[in-house]
Each structure stands twice: as C-alpha cells, then as structure tokens.
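Q: I have the model open and want to go through how its parts pack. Can you take my questions one at a time?

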Amino acid sequence: MIRVLLVDDQPLIRSGFRALLDLECDIEVVAEAADGEEGLALIKEHLPDVALIDIQMPVMDGIEATRRLAADPALSGVRVVMLTNYGMDEYVFDALRAGAAGFLVKDIVPEDLLHSVRVAARGDALLAPSITRKLIHRYLTQPLPTTGAALKELTSREREAVALAARGLSNNQIADHMVISPMTAKTHINRAMTKLHARDRAQLVVFAYESGLVAPPSR
C-alpha cells in the first residue's frame, strides 16, 4: 500500500485529489494539511511514502517544507512531489535542489497523477513534459555555474550511468545501453547518488546538467 499525504492550502484541490487517490486499491491518503508547517508535522507523524506538496502556501511554502524534510534523516523514505498551478522554471530548480523527487502542474489528468504517485513511491524521478521543456530551455538560455570538479568523485562507468539517467533512461535501459545487468546499473546509480550526496535521481539530473556531464540539445 502506497501511503500519501496531501499538503495544499486549497480545500477543493485536497478533496479532489483525495477522492481520486482513495479510489485506488494500492493507494491510501493518510492525512491532509493546509500549509507547509502543518504538513511537515504530519509527515513526521505519519511517515508517508509520498507527500504531494503545493509550492505556494501560507505560513511555510512547499519548497521550505521540502528542504527541511530532506534535511531530516528520519524522513529519508518520504518522496516529495511538488504541485503548482504555474510550472515556472525557477520553481523547478528550487524544488529539485530542495529535495523533491518530482514536479507536476495541477492540471494533470487523473491517470497521470496516479502514475506519478506510483513512480515517486518506487523512488524514481518524474517531471511533467511541460516542466522538462522549461528545464531544458533554462539551460539553453541561462546556463548555471558548473560543478565539474565533483565528476572526479565518480568512476567512468558511474559517470556514464548518471548521464544516461539524466536523459530519462530507466535502470533496465541503462543496463541494455551499457551491456550490464539491471542490478549493476542500479548499483552505479546508487553509488553516484551517495558520492554526490543526491537524495534521489531527480537531483542527479540537476547535477548532470550543472556539471556539464550532459549538454542540452541544440535548437
């Protein structure tokens, strides 16, 4: 059973998401909160698998709540999916750096929301297609400072695996590309995350672009 906690200051949004999620036999909504501070307290109490957290809320916004959650070792098993009405690229970077596993806009269709919750619960990164386009556009127009020195921490195979993960490949696809087993591919990714202090694959994507390991496609 995937345990989900909803954090959004709009009651209608929370009730709509809850009604949708509660219809699924493998998903359970364990609690709701109206702001980041209340949400963080409930997350500590319930330890959900996935927290759906709005970006803009009173008292404490979603990015600050995510940042505090990611800094707490006791909450390392909680995967955060950020929600917003806007999908603005500056929020994408703030959310991923804070420790979010994914970023979705609220106009997502129901089946995609359900899929996203399951993907996040598995520990995989996810971004809505519109968000991915903004992410790439940001790197094309406003490159961020590189962190190439951090690449020295990785072996050549780990760098290859991270680059493939940044392009959206799953562990099985990485294994096929590198001609290794899926377990070995997963090991390369996990070791890279440990060396780079990345919370999850989403942060590996940020590292891959900022370090220059992966270049945005030319237009």
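Q: At what angle do helix 8 and helix 9 pack, and how far apart are their axes?
A: This is a predicted model, so local features need pLDDT of at least 70, side-chain atom pairs count only at pLDDT 80 or more, and totals for chains, interfaces and linings use all residues. Residues are numbered from 1 along each chain as its sequence is written, and side-chain values use heavy atoms, with hydrogens and water left out. Helix 8 (residues 171–178) and helix 9 (residues 182–196) pack at about 105 degrees, and their axes are 8 Å apart. Axes are lines fitted to C-alpha atoms, for helices over the stretch in contact, and angles run from 0 to 180 degrees between N-to-C directions. Helices (H or I, at least four residues) and strands (E, at least two) are DSSP runs, numbered from the N terminus.

Q: Which residues make that contact?
A: Helix 8 puts in Asn171, Asn172, Ile174, Ala175 and Met178, and helix 9 puts in Pro182, Ala185, Lys186, His188 and Ile189. Contact means heavy atoms within 4.5 Å. Six of these residues are nonpolar, three polar and one charged. The classes are Ala, Val, Leu, Ile, Met, Phe, Trp, Tyr, Cys and Pro as nonpolar, Asp, Glu, Lys and Arg as charged, and the others, Gly among them, as polar.

Q: And helix 7 with helix 9, what angle there?
A: About 95 degrees, with the axes of helix 7 and helix 9 9 Å apart. Helix 7 is therefore roughly perpendicular to helix 9. For the wording, angles under 35 degrees count as roughly parallel, over 145 as roughly antiparallel, 65 to 115 as roughly perpendicular and the rest as oblique.

Q: Which residues of helix 7 are buried?
A: In helix 7 (residues 156–166), the buried ones are Glu158, Ala161, Val162, Ala163, Leu164, Ala165 and Ala166. Buried means under 20% relative accessible area, exposed over 50%, partly exposed in between (1.4 Å probe, protein chains only). These buried residues pack against helix 8, helix 9 and helix 10.

Q: What follows helix 7?
A: Glycine 168, with a positive phi near 95 degrees.

Q: Back to helix 9. Which of its residues meet helix 10?
A: Ile189, Ala192, Met193 and Leu196 of helix 9 meet Arg201, Leu204 and Phe207 of helix 10. That contact has six nonpolar, no polar and one charged residue. The two helices pack at about 70 degrees, with axes 10 Å apart.

Q: What does leucine 5 touch?
A: Apart from neighbours within four places in sequence, its contacts include Val30, Ala31, Leu42, Ile43 and Val50.

Q: How far is leucine 5 from arginine 18?
A: They are 13 residues apart in sequence and 9.3 Å apart in space, C-alpha to C-alpha.

Q: Last one, the whole protein. How many helices and strands?
A: There are 10 helices and six strands. Of the 219 residues, 48% count as buried. Among contacts between residues at least 6 apart in sequence, 67% join residues at least 24 apart.
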